[in-house]
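The following paragraphs are intended to be read beside the sequence and the coordinates. Please keep both in view while following the account.

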Amino acid sequence: MKHFFQALSLPVKSRAYPFNAPDGKVANLFRPDRKFHRDEEESELVVRDLNVYIKEQHILKEINLAIPDKKITCIVGPSGCGKSTLLKTFNRLIDSVEGARVSGKVLLNGTDIVSSSGPEIIHLRREMGLISQKPCPLPMSIFDNIAYGCRIHGIRNRKKLRLVVRHYLEAAGLWEEVQDRLNTPAIRLSIGQQQRLCLARSLAVEPRFILADEATSALDPISSKTIEELFVKLKQNYSIVMVTHTLRQALRIADNVIFMYLGEVIESGPAERVFNRPEHKLTRKYLSGVFS
Amino acid sequence: MKLKFLEEKLFKILMTGAMLTVLAFVVSIIYSILTKGWGAMSWDMILKLPGGGFYIGKEGGFLNAIVGSVYIVGISTLLGLLISIPVVFYLNIYLKRRSQIAYIARIAYDVLFGIPSIVYGAFGFTIMIYFGLKTSLLGGIIVITLLIIPIFIRSMDEVARQFPREILDASYSLGATRLETIRVVLRQIAPGIATATLLSVGRAIGDAASVMFTAGYTDSIPTSLSQPAATLPLAVFFQLSSPIKEVQDRAYAAALVLTLIVLLLSVLGRYITNRFSKHKLK
């Protein structure tokens, strides 16, 4: 994760830039403690012949994809086409879906996600920060919400934790709003703030990917705009995969678009091309609003 | 149209009536305990052990019963929590929603829940004979623990089943194992645990039948687990069966102490519940 370190030492322009540590060194105080970071420049996620069945229902059919690094990839498509299932397969939350069977391969830097087990899954879930549709703060204080992941992964020093919490709350643009009430319950935050808290919480375990499952659909327009802007900033350091129902949102922020229909990938490619010159008839229909 | 309003009125009256009746029960019970027990109540009663001839109306108190009850109930509650929290956690987090094992286990716990306390007492007594134990504090603790575990499990399970799955997913996706997720689960069901504890303590402290054969009764405070221990419900029972009026009044004084302890615990329980539920995700 060299890029990460490099990003830290660069001069900071915007105030809301994720890593504006006050003395520029804060991050180094806690990062070496992390167990999992690897010095790889690129991370890639490749899906090969993925099939998912849930109780004899064929949810995902022969999915073949490559998710590019440090880009925003939007998955669009009508409801029930398997978008969320795909995300769940990426971080193995599919395991808690009853009656789910997965075949095929999902390769994260060459490691197969589908066939991994035990400690590998824990590691893998760390690499995949998930942000759900409805923000779901853990039943604890704002501080503990962010610190939870770090504590699980072995950081217990309070001073370090405080730095980590501040760092990632700043990264999620929430620090200034909550710095005086870090010990109040997280559920007292507004829903938009809760979503940013969840984002900060995911970032705090240092993922490579951010999986956002309709992360803005429960939010008001202003909060969802904040999240969108955050994503655009965060793509410098993370690969972001987001499922969205709002085509306009995809149009605004996507670098790549994947269009899914009834469990199949119909079309995928750079956003500009897919939106302006869709190759497939179904994509054209969807984009022009024939079905949604 | 008019009939509808009449119906509404009638049922409102019935509901108010039912509510007030129950309230009246509570008030009348407390009133009768107070009027009969207050006269016999004194600092001696709660601070002294029974002297010679206490049971024919001479001096002394029932400190032995108070301490015995507190010992038994306190330790049993702790043991009960230690046993039932893992059970509830396993049922709800480790097992799948429609797991057969969970289904059978829940039925079994429901059966346990319905077993009368005298049966627990008799069962405990049989086991004690088998192991050659005499009536003792330990026996009382074991039987009371058995008695309250189903209450703990039932009432915590009820809360844990409503546990939002999203919280679990959120925790897992941060790389937590299921065991590590217990921290989150406990915080979310904390109000449930408080209520369960309250119910269990209420049942445990007031139960006479189960401790009669197992904990026994004694005039002194037990100093080890193998000594018998007195309990408040039995203090009430023995004194109430005396023909002497003064002793009967003392039974009411003991009942008064028992009621006060339960009342205190429920107020405390409510306070704690409110404190712990501030983080709870609605």
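Two strands are said to pair if DSSP finds at least two bridges between them. Helices (H or I, at least four residues) and strands (E, at least two) are DSSP runs, numbered from the N terminus. This is a predicted model, in which local features need pLDDT of at least 70 and side-chain atom pairs count only at pLDDT 80 or more, while totals for chains, interfaces and linings use all residues. Residues are numbered from 1 along each chain as its sequence is written, and chains are lettered from A and ligands numbered from 1 in the order in which they are written.

Confidence is considered before the fold. The pLDDT, the predictor's confidence in each residue from 0 to 100, averages 81 in chain A, where 85% of the residues score at least 70. Over residues 1-39 of chain A the pLDDT stays under 50, and the model has 46 contacts beyond four places in sequence for this stretch; two residues are in contact if their C-beta atoms, placed from the backbone, lie within 7 Å. Where pLDDT is low, the predicted coordinates should not be read in detail.

Chain A contains an open sheet of six strands in the order E6-E7-E8-E3-E9-E10, with mixed pairing. Strand E6 (128-131) and strand E10 (264-270) of chain A are the edge strands, each pairing on one side only. From one strand to the next, the twist averages 15°, with axes taken as lines fitted to C-alpha atoms (for helices over the stretch in contact) and angles running from 0 to 180 degrees between N-to-C directions.

Within this sheet, strand E3 (residues 72-76) of chain A runs parallel to strand E9 (residues 256-261) of chain A, and four bridges join them. A:Val76 stands opposite A:Phe259 of E9(A). E3(A) also pairs with E8(A) in the parallel sense, over four bridges, and here A:Ile72 has A:Ile240 as its bridge partner. Strand E7 (residues 209-213) of chain A pairs with E8(A) in the parallel sense over five bridges; in this pair A:Phe209 lies opposite A:Ser239. E7(A), helix H9 (residues 221-234) of chain A and E8(A) make a right-handed β-α-β unit. A crossover is right-handed if, with the strands pointing away from the viewer, the path from the first strand over the helix to the second runs clockwise.

Why is strand E8 (residues 239-243) of chain A largely enclosed by the rest of the structure? Five of its five residues are buried, a residue being buried if 20 or more other C-beta atoms lie within 10 Å of its own, exposed if 12 or fewer, and partly exposed in between, with C-beta atoms placed from the backbone. Both faces of E8(A) are covered, with A:Ser239, A:Val241 and A:Val243 buried on one side and A:Ile240 and A:Met242 on the other.

A:Val178, in helix H7 (residues 175-178) of chain A, counts as partly exposed because it has 19 C-beta neighbours inside 10 Å. Leaving aside neighbours within four places in sequence, A:Val178 is in contact with A:Ile142 and A:Leu169.

The account now turns to chain B. In chain B, 22 residues are in contact with 23 residues of chain A. H7(B) gives the most to the side of chain B that touches chain A, with seven residues.
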